[in-house]
Amino acid sequence: MKPIRNIMAGVVMGFAASMVALPVMAETPANMLVIANRIDDITTLDPAESFEFAGSDVSRNVYGKLVNFDPLDLAAGYGPDLAASWTVSEDGKTITFTMRDGVKFHSGNPVRAEDAAWSLQRAVMLNKTPSFILTQFGLTAENAMEMIKADGNTVSITTDKRYATSFVLNCLTSTIGGIVDKETVMANEADGDMGNVWLKTNTAGSGAYSLVGWKPNESVTLKSNPDFYLGAPAMERVVVRHVQESSTQRLMLERGDIDVARNLNPDDVAGIADADGIAIDSELRGRLMYISLNQKHPVLSNPKVIEAVKYLVDYEGMQNSFLKGQYVIHQNFLPATYLGAVDENPFTLNIEKAKALLAEAGVEGLEIEVGVREAQERIEIAQSLQNTFSQAGIKLNITVGTAKQILGRYRARELDMYMGAWGPDYPDPQTNAGTFAYNPDNSDEAGATGLLAYRNAWDTGGLTAKVSAAVEEGDRDVRAKMYADIQAEFRDIAPFAVLFQKIEQTGRNANVANLRVGGAITAVSYWPVTK
Amino acid sequence: MAIAQQNGQGRRRSPLSSPALILTFKTLGSIIITMLGLAFITFVIGRVMPIDPVLSIVGEQASKSTYDDAYAALGLDKPIIVQFYYYIRDVLHGDFGDSLLTARPVVDDLIRRFPATLELATLGTIMGVTLGVPLGVFAAVYKGSWFDQIARVVALVGYSMPIFWLGLMGLLVFYGILGWVGGPGRVDIFYADIVPSVTGMILLDSIIDGNWDVFWNAMSHIILPATILGYYSLAYISRMTRSFMLEQLSEEYITTARVKGLPERTVIWGHAFKNILVQLVTVIALSYANLLEGSVLTEIIFSWPGIGSYITTALLSADMNAVLGGTIVVGLVFVLLNIFSDLLYRVFDPRAK
């Protein structure tokens, strides 16, 4: 037994020695913000291509835009950023921006009208995922050079017809509106890609921060821009570490190794809610959970059945159990905090009422299939629906599949019912109105698979025209009222039941102040943060 | 006769007929065929999986024209066999393609991630072997004793505890409560990117650079995941060692050796243990190879940027270049470890020469 004892003793001593020598850092430096987040969705940092949450978080802090949101006053809506002011032509089709003087890119190059025009032309011509945000104004690869023009220190954007100014400007606040440094980007062009490959992993902006490095699935490191036109940010370095597990994020927050934990699940939030020195912030985000009924189905297209289904959802039960702290009841297609959003939620679980409606419709022994993607919360919602539907005599068969399987069938209008999520693409009401309540051609040949109304074969019962009108309304308040009316009608007649809106809970060290993750309309802002 | 003899000598001298060379060629040939087969099967499986690589690039909300552009850019409009031909042609030129998810060459990703796994797996295996082998030997020698019982329980726990749970509990106790070890990740952020990357293994790089602060910090981060992986392989290695030893100890030559009056230490280590080395090498090589594949759960819990989570994430998004690159590396590791253990056989077992 002697040899083994010697070996064991040696190893144990070795461990012990190394443990004692370990430096344990209990607090992050005062000028550094360390965040744990899931950043495995970043596939590119090019503002013309980036369309994921963690990518938008980087972009928002790196790139200035013509117009932008003030993180500390999101409710105010868009305001000047790299453009100091703007004017709209009489026909409402041309917006001319005057550039702010004296702003510089991180490279030291001045931010010119030419950079702004080129950035937007580039985004249209590259035709990446978010390009539709600009091309919906009639901009194409062919006409981009004429429709977007720089002249001296002004840049003008001309649309194919009259649109609400608020619509165009809201779109320019999204990631794709980021203004890149033309000289730097073109110096790194390869094979006529307008610098796309280089910009995927590098940045060339004028914002509060510049990129030090992005290590996929590991970290994103930003350093502050001392010449930022709003003043040098207090946090000189921001490190976002990829930490997949909620419980790991919690431990790191408790140990003081990070300042902010972005993906805490309800259990972990409850576990640290009362801890000393830790605070929890809740912000409403843009994502909605909804169910929809295929109008090709002979029974599901009956208005009585549609109404009955809206009374067969246990909204309160879900909100207060497995969705607690993560989702809040919301029954309208515009997320709270959007222009035109309303907070009326008239539906509650009412089995008797649903049964009566189904009886009126003459429905008995209905059996339908619901398609759900393989995500825990969605499957749980589907199971809750299965339970409440069965109480009214409807048999719900749950089909779980990958995005390709379920979305493929949904787009082909083959699912009886769909249970899923929808996130707005840009911070204007049109993003959701134009998909939930807009469907100009409901024929199979139209193939408008991008529209949710089309995927459910719903002709929108006249809402399409109202949505088109709202997009052109110049007056902001009148426009908001139009969306409120559209949503009231939508709640009554649409074969959609919007169920919940996402809440993001962020755990932070109590000394971190002014951190805003962006609400429903934008991404996180690091520059106002202090410790 | 003279001619024949000359020929005979000539054959012996010809480099082509040298047994070592033939063996080398045979080995190389089998590596190439194995790798090609592996790549082809992975390739085909990747194409028939119900996951859409285009969707993972452009997202659900992309327009049709964006989708079509990306589809063509990936070459998915061509037949599988043509796609495979292009792929192999590029690989032979050292180009494994770009990863869709990380937007950079797969080779760069692998160079960054494999050393992280190698470092962790090597440390884990060293722990597993240095503790597991003696544990198994003594459990066999003192069969049925209290020591054997404890060794059995230790191994059983290692086998049956989910690594996920062990990892989380380890973090909670040693990092969260006691603060003895570093948290998730390879080093604290303050130590990141300080030492130049030579091998990609931070422990080695910091030794090369002579930066002991970084070394100890990296050690504090690797010690817990390595111990957990080490425990896992210890459980396997100690059980196998025990049963190999028991088999040898019941042989007649052991009885003979004892009757001859040889010291017990010589009987155990000089006779019995020497004879299980060949089997043991296979067991250790396999367990090492398993760890080198990357332990996905351990990597997730400890935010360890290794190859296991890389391949898994890539697979779930149908990032086929990354999956293929990763599979080829893991395949090579298996083949090389196999060859290595073959070579060790020759050292330990004179008959294999």
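Visitor: Is the crossing of helix 8 of chain B and helix 10 of chain B left-handed or right-handed?

Guide: A crossing is left-handed if the near helix is turned anticlockwise from the far one by less than a right angle, and right-handed if clockwise; here the crossing of helix 8 and helix 10 of chain B is right-handed. This is a predicted model, in which local features need pLDDT of at least 70, side-chain atom pairs count only at pLDDT 80 or more, and totals for chains, interfaces and linings use all residues. Residues are numbered from 1 along each chain as its sequence is written, chains are lettered from A and ligands numbered from 1 in the order in which they are written, and side-chain values use heavy atoms, leaving out hydrogens and water.

Visitor: At what angle do helix 8 and helix 10 of chain B pack?

Guide: Axes are lines fitted to C-alpha atoms, for helices over the stretch in contact, and angles run from 0 to 180 degrees between N-to-C directions. Helix 8 (residues 163-177) and helix 10 (residues 212-249) of chain B pack at about 140°, with their axes 10 Å apart. That makes helix 8 of chain B oblique to helix 10 of chain B, because angles under 35 degrees count as roughly parallel, over 145 as roughly antiparallel, 65 to 115 as roughly perpendicular and the rest as oblique.

Visitor: Which residues of helix 8 and helix 10 of chain B meet?

Guide: Contact means heavy atoms within 4.5 Å, and in helix 8 of chain B the residues include B:G167, B:G170 and B:F174, while those in helix 10 of chain B include B:L224, B:Y231 and B:Y232.

Visitor: How many helices and strands has chain B?

Guide: Helices (H or I, at least four residues) and strands (E, at least two) are DSSP runs, numbered from the N terminus; chain B has 15 helices and zero strands. Its C-alpha atoms fill a box of roughly 85 × 80 × 45 Å, taken along the principal axes.
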